[in-house]
Structure formats: C-alpha cells, structure tokens
Amino acid sequence: MMKEYNLVVIGSGTAGSIAAAKCKKSGWSVAMIDERPFGGTCALRGCDPKKVLVGITEYMDGVERLKGSGINGDIHINWNNLMNYKKTFTDDFPEMKEKGLKKQGIDTYHGHAAFIDENKIKVNEETLKGNYFLIAAGASPAKLPIEGSEHFTFSDDFLELEELPKDIVFVGGGYISFEFAHIATRAGANVHIIHRGERPLEDFDKDLVDQLVNYSKDIGIQIHLSTEVKKVEKMSNHFIVTGSNGSDKKEFSADLVVHGASRAPNTDSLNLKSANVNVSKKGIEVNDYLQSTSNSRVYAAGDVSDSPGMPLTPVAGMESHLVASNLLNGNNRTYTEQIIPSSVFTLPKLATVGMSEEDAAEKGLDFKVNAIDTTKWFTYKRTNQAVAFVKILIDEENDQIIGAHLLSHEADELINIFATAIQFELSTKDLKKMMFAYPTAASDIGYML
Ligand SMILES: Cc1cc2nc3c(=O)[nH]c(=O)nc-3n(C[C@H](O)[C@H](O)[C@H](O)COP(=O)(O)OP(=O)(O)OC[C@H]3O[C@@H](n4cnc5c(N)ncnc54)[C@H](O)[C@@H]3O)c2cc1C
C-alpha cells in the first residue's frame, strides 16, 4: 500500500526535526524516516555524549591544575563509570524522541530510505509518496584509501567503548581526533594523532593551534604531522599502523585505531539518480533556498547539503528553519551569511568566530590584531591555566570586531559574546559600554579590546 504525505523527511537529527515539527504544526501531513535509533548524530553519537565525557575530564583536569592550592589527594577517571553516566543521556533518548514526534502527529518509519522516482521513496516494504521531501541524512566518516581501513574504529564506537584501550592511534588531525585524544589521555591511554598535512585543525587560528599542539604534547599526546597513514595491519592482539613522512617510514603499535579524519555526506545509498537529484562531493546540490537544483520537490539541510554552512549542529538547525519557511510560504528565505562560532572541546578549548587574519588580509581590510597572552590575568591565574591566549581582530576603519580566536578553559562560552558582537556589528566602544558580572571571564573583555 502506498501512503501519501505533504512532507517526507529522511533523517531524525537536527536538520530533519525542526522543519518536520514546523510543517506538522501548520497542518501538513509529515513522515520521518531513520535507519538508526531516532535522534541523530548530535544527541546520540556526537556533540552531547562527547561533552559529557569532556565535562568529567574537565573536572579531573581542574583538580590536577589546583593540587596543592587547597585540594589534595589523587583522583582518576573510571572509564566504565563514565560510560554508564554517558548512557544516562543517550540510552532513553531515541524512545523519548520518537514519542515526541508521534505526539506531534508525525508518522515515524524505521529503515533505510531510498528514492524510487522523483516523488516516491521506499522504506522496507512500504512506499511513501511525497509532495515534498527534506533530505536531512547527515554525514559519516569518509572512506579513506588506506590498506586495512576495515580495522578502523569510528567516532560512534569510541563513544561506546566499555573499556579504554591502552594504546590508541587517531588518524587525522581534525577536531574529533583532538577532542577524543584529550579525553583518552586524561583517562590514562597512550595516544598518537597522525595527520597528513603540516597544519592540523585547519579552520582555526594557526598560532593558537600551534600553542594547543605544544600543550597537547606536554600532556603526553604524540602528534605526528606531515605523516600519511598507508596501512593498518591486524596482528594477534594489536594493530600495526604504518605511516610515511616523505621517505621516512614510521610504525605505530595500537590496541585501537580511530578514524578521526574527514566526514562525507550520506548521499550514496539514497538512489538520488532515480529522483533526479544532483549531488556533488560536498553533498546535495542546492540553491539559495536549500532546494535541489534539479528536483524542485526536494530540499536538503544539515551535513548532507552542499550549502555554504559548516557541518555543525547550529548550522543544521538554522538550515532546517530556512527550509520550513520556504516549504510553508513558498521560496522566500535565502541563505544569508550567518556568523558561526565553533569550538574544539580539548582542554583548554580552542574557539573561533569571524575572520582569520588571512581572511581579513585577503579582503584588503585595514585591521589591527590584539594578540594577548592572558595566563597571568586573574581569571586564568586563579585556575592555574598553563596556556591562555586571545587574538581579537578589529577593523580600524569602523572600530568593529571582525574576528576572535580564543584558547582557554573559558573559550567555548566566551566566544559567544564575540559572535554576538560580530553578528550585530558592534564596535569595541559598544562592547566596552557593556557591564559584565564580576569576576567572570566576560568581565575581562574590555581589556582584550
Ligand atoms: C563525534 C562528533 C562530535 C561532534 N561534535 C560537535 C560539536 O561539538 N558541535 C557541533 O556543532 N557539531 C558537532 N558535531 C557535528 C554535528 O553532530 C552534526 O553537524 C549534526 O548532528 C548534523 O545534523 P543532521 O541533522 O544534518 O544529521 P544527523 O544528526 O547525522 O542525522 C541524520 C540521520 O539520517 C539518518 N539516515 C541517513 N541516511 C539514511 C537513509 N538512507 N535512510 C534512513 N535514515 C538515514 C541517520 O541514521 C541519522 O540519524 C559532531 C559530530 C561528531 C561525529
């Protein structure tokens, strides 16, 4: 039997959920399909469970930093307890999520969705016909052309490890590798990060990344740059990872090899050709309305769309709002450039928003850079932070803040104030007029400008 809906959504993550709820609220019939437990990556296998682990290591790191300053005694991370704690956030989530969807009147389908033609989708034995489709299928670790790549463990599995192995190799120098490496090191593992390029964490300020790399080395993480992983071999009870740095061959022994390299949009198995949906390497090709460039019934949002936004949860949310508006009112909202702050949840955290020095120079702007080591400032001295640095870019012509790059334990919260300043084009004078509660990290902002 064929069921008909105003909107069929593939994916129950952030990019699918907002538009589904808004369309349903406006009286549309809506179906949502997911092949994995409902809830998507962020809540079940990404941001949230990761932040639970980061949170605990952060407490431990804080105690280590302040030992002898009023705290004594040894503490350690009990991985098994930590995982059980994490599960209190993730285990019940899919059921709660699905209940919520059903309560709204959204029909839910479990299974793999693939198009049959331009307006029909097959899930298991059922065919769903839609006036419109929202593809919000997310992304997965990219396939790497490495011999033995079948031995990789993925980020999803790392967040489910019942026991933490002793020797871990992370392949790729992106934010997932760095965050997990910091967690695993604090929990007692020997960790290597192997990165092909000269520069890890490429989307972040180079000088601050260098400081983070040095500090990561200080806490015991072994970082190998310009080193390409060629092969992973399974031995009887461990793996050998072979990499090369030019003509130098390097071998690493590991109990676990984690794919922490790039992620690719989930477009391969949707049978998009039969639906006449064009796709690029970066995802589903969309116009400024996030509508497929080749099939006007189809919209795409979040990690799966080839839109200008980064693959981050707030971007998926923003895109889903935009799609809902265009579906319900006809194409009326276009993709406008939004200020997107982001953070690497290492300890200390590295955060960025707005332009880098390279961007500003390329645009020919007349700007100044306030680069300040803040380790001696009260906020950072009080918590004994070994590295704390800010770099604020200010447009000399209009006194507006155009970029902020922060490295400290407070960076993930503080960056949001700079994002607000950039989004609303505040000048340094405006920001200095603000009164922030004292003593907080925000109350230092005036001194950064
Ligand atoms: C380890 C990790 C840490 C992260 N940390 C952060 C962070 O700190 N901050 C941040 O902003 N972002 C973070 N991200 C990125 C963030 O999780 C994603 O940008 C966001 O979840 C994307 O949402 P989405 O709705 O586009 O896709 P998803 O949430 O991935 O949802 C897609 C859903 O579609 C389903 N699906 C796919 N194909 C099919 C099919 N053919 N049929 C049926 N169902 C299908 C999938 O099962 C999945 O549930 C992290 C990601 C990872 C992996």
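A cavity is a set of grid points where a 1.4 Å probe fits but cannot get out. The model described here is predicted. A search of the whole structure finds one cavity of 30 Å³ or more, and a search for salt bridges finds 22.

**The cavity**

- The volume of the largest cavity is about 40 Å³.
- Its lining consists of P141, S155, I176, H259, G260, A261, S262 and R263.
- Sorted by class, three of the lining residues of the largest cavity are nonpolar, four are polar and one is charged.

- D61 and R65 are joined through their side chains by a salt bridge, with an N to O distance of 2.8 Å.
- Both residues belong to helix 3, which covers residues 47-65. D61 and R65 stand four residues apart there, about one turn of the helix.
- D61 and R65 are both buried.

**A salt bridge between D74 and K67**

- The side chains of D74 and K67 form a salt bridge at 2.9 Å, N to O.
- D74 counts as exposed because its relative accessibility is 71%, and exposed means over 50%.
- K67 has a relative accessibility of 30%, so it counts as partly exposed; that class lies between the limits of 20% and 50%.

- Another salt bridge links the side chains of D210 and K206, at 3.1 Å from N to O.
- D210 and K206 are separated by about one helical turn, because they are four residues apart in helix 8 (residues 206-218).
- D210 has a relative accessible area of 34% and is therefore partly exposed.
- K206 is likewise partly exposed, with a relative accessible area of 38%.

**Points to locate in the structure**

- Which residues line the largest cavity? They are P141, S155, I176, H259, G260, A261, S262 and R263.
- Are D61 and R65 buried or exposed? Both are buried.
- Which helix holds D210 and K206? The two residues lie in helix 8.

Definitions and conventions:
Residues are numbered from 1 along each chain as its sequence is written. This is a predicted model: local features need pLDDT of at least 70, side-chain atom pairs count only at pLDDT 80 or more; totals for chains, interfaces and linings use all residues. Side-chain values use heavy atoms; hydrogens and water are left out. On a 1 Å grid over the protein atoms alone, a cavity is a set of points where a 1.4 Å probe fits but cannot get out, and a pocket is an open set with protein on both sides within 12 Å along at least five of seven lines; lining residues have an atom within 4 Å of a point. Grid points are joined across faces, edges and corners, and a volume is the space filled by probe spheres set on the points. Ala, Val, Leu, Ile, Met, Phe, Trp, Tyr, Cys and Pro count as nonpolar, Asp, Glu, Lys and Arg as charged, and the others, Gly among them, as polar. A salt bridge is a side-chain nitrogen of Lys or Arg within 4 Å of a carboxyl oxygen of Asp or Glu. Buried means under 20% relative accessible area, exposed over 50%, partly exposed in between (1.4 Å probe, protein chains only).
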